Amino acid sequence: ATGPGGVLIISPEGKLLEGLGRVSDGQLRFGTAQNFETDTQSHTLRIAFSDSMGHSAQQTITVRLRDVNEAPVLIGTPPAAQALLGQMFEFKANAYFTDVDANDRLRYSATGLPEGLSISADGVITGVPTKTGAPAQVQITATDLGGLSRSTSLTLGVVERLDVVSV
């Protein structure tokens, strides 16, 4: 690249990184960023400058590319569920969330759960319901280590236990 009073040369020539950028005609050109989910990548560039007076300088720089945190993703819609009064209940809410970020861990919370039920940090709703109630919307939220979250609703009701009569 040329500018007032000099020439800037960036090397290595050729492709810097697929889809990210390249060095061509002495210019560093950036394109669309890639999704780096597993590793931080480093690239070393040598930048040299010379002017019309014969002065020159060069500098080596390292560019480190790292992943950007993305929010959890829903991988389905939880079906409506019913719990039986006084009976152990379990629902794996974690089956409906994922996170594309490598080594990210999701933590779960819920609002609107019937009395006697709770959700673990790992996303499993368990407990013994202590009160019947019409189906209600339970809001389930998954939050990743970077603080991004995604929520979904679960329709959950509690019904009385059906007694079986022998004849």
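**Salt bridges and the core**

Mentor: In this predicted model, Arg107 forms a salt bridge with Asp122, with 4.0 Å between the closest N and O atoms. Arg107 lies in strand β12 and Asp122 in the loop between β13 and β14, so the pair ties together parts that are 15 residues apart in sequence.

Trainee: With which other residue does Asp122 take part in a salt bridge?

Mentor: Side chains of opposite charge can pair when their charged atoms come close. Here Arg105 forms a salt bridge with Asp122, and the closest N and O atoms are 2.8 Å apart. Arg105 sits in the loop between β11 and β12, 17 residues from Asp122. Shared partners join Arg105, Arg107 and Asp122 into one network.

Trainee: How many salt bridges does the structure hold?

Mentor: There are three. One of them pairs Lys131 with Glu115, the closest N and O atoms being 3.9 Å apart. Lys131 is in the loop between β14 and β15, and Glu115 in the loop between β12 and β13.

Trainee: Which residues touch the most other members of the largest nonpolar core?

Mentor: In soluble globular proteins, nonpolar side chains tend to be buried together. The largest nonpolar core has 18 residues, and those touching the most other members include Phe89, Ile125 and Leu156. Among the elements giving two or more residues to this core are β10 and β16. Beyond four places in sequence, the contacts of Leu156 include Phe89, Leu113 and Val138.

How values were computed:
Residues numbered from 1 in each chain as written. Predicted model: local features only at pLDDT ≥ 70, side-chain atom pairs only at ≥ 80, totals over all residues. Heavy atoms only, no water. Core = buried A, V, L, I, M, F, W, Y, C linked by side-chain atoms within 4.5 Å. Buried < 20%, exposed > 50% of the residue type's maximum accessible area, 1.4 Å probe, protein only. Helix = DSSP H or I, 4+ residues; strand = E, 2+ residues; numbered from the N terminus. Contact = heavy atoms within 4.5 Å. Salt bridge = Lys/Arg side-chain N within 4 Å of Asp/Glu carboxyl O.
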